[in-house]
Amino acid sequence: MDIDLARTFLEIADSGSFVAAAGRLHLTQTAISARVRTLEQQLGRPLFVRNKAGARLTPAGERFVRHAASLVQGWERARQHVALPPGREQVISVGGEPSIWHPLLADWLVWMHHVCPEVALRADVDVPARLLDRVEDGSLDMAVLYSPPQRPRLVCELLLEEKLVMVTSSADGRLDPARYIHVDWGPGFAASHRAAFPDLPHAPVTISLGPLALTYLLTVGGAGYFRSGTVAPFIASGQLFAVHHAPQFSHSVCAVYAAEHDEEALSRARQGLRMIARQEMQEPPGPIPPITARPATVPSRSAMPAQN
């Protein structure tokens, strides 16, 4: 079967609309409809019922979802492994949302360079929903995300759990709404933040990357929520102060992967992530230093697992 037919079917099933699927795949609606007709002819069953609200799966379509996902996953993994560069035995593709890359995943890339030189790496930055979709369809081996939602057939492994705390550059520890910096820590944080501060006006500055927001705060002043381990040294040095009576929010980082594709190389990669996560908890970073300034994240020979 043409793999594009399965991919098109999954896009329609996910979006609930032929029009939305056409936009995602950069095709015309006519081309999408033609692919569905071809697929339905091959399977001998109708897969969608179309109505004004969009498209919903028939019972046959619901049964085909798992098989279509397996077909796309198998194809993506085969394509990646066939295209290995010279001198590499395996490939691992990992994605993370933007604020996770510094320092956790950046340090993990260095760890992989030293410990797993035989593994080719693909590293992507994207929004959580698309990263989860790509783990499901097999185009990513693993995604590292903040508090990801549970999805069937995907394993969610906790790497580190920390608190988000509000800090300010004002020594009196008071929150000035006019100087508040809203840091986007994901939908879970956003919901908790709205519940805790229903009367807080819209922040004059919103930044989606935590390290960038911290650099901005330390430069121009203000207040905002940050990882407790990250701001601890700045509180200790008197550069920042905890905001009085501000609630703290739980903040977890998880590795998400498909259990059926948990191969040895991916298992070793997760081992490295766990080790780097423990180091980050013990040695909180400052705002956006260069990687060469963090030699402690490169494991010593005694810390490296035996190589095959």
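1. Let's start where two helices touch: Thr-8, Glu-11, Ile-12, Asp-14 and Ser-15 of helix 1 meet Phe-18, Ala-20, Ala-21, Arg-24 and Leu-25 of helix 2. Contact here means heavy atoms within 4.5 Å, and helices are DSSP runs (H or I, at least four residues) numbered from the N terminus. Sorted by type, the residues of this contact are five nonpolar, two polar and three charged.

2. Before going on, keep in mind that this is a predicted model, where local features need pLDDT of at least 70 and side-chain atom pairs count only at pLDDT 80 or more, while totals for chains, interfaces and linings use all residues. Residues are numbered from 1 along each chain, and side-chain values use heavy atoms, with hydrogens and water left out.

3. How do the two helices cross? The axes of helix 1 (residues 3-15) and helix 2 (residues 18-25) come within 8 Å and cross at roughly 125°. Axes are lines fitted to C-alpha atoms, over the stretch in contact, with angles from 0 to 180 degrees between N-to-C directions.

4. Leu-214 lies in helix 8 (residues 210-220). Leu-214 is buried (under 20% relative accessible area, with a 1.4 Å probe, protein chains only), at 2%.

Technical notes. Ala, Val, Leu, Ile, Met, Phe, Trp, Tyr, Cys and Pro count as nonpolar, Asp, Glu, Lys and Arg as charged, and the others, Gly among them, as polar. Buried means under 20% relative accessible area, exposed over 50%, partly exposed in between (1.4 Å probe, protein chains only).
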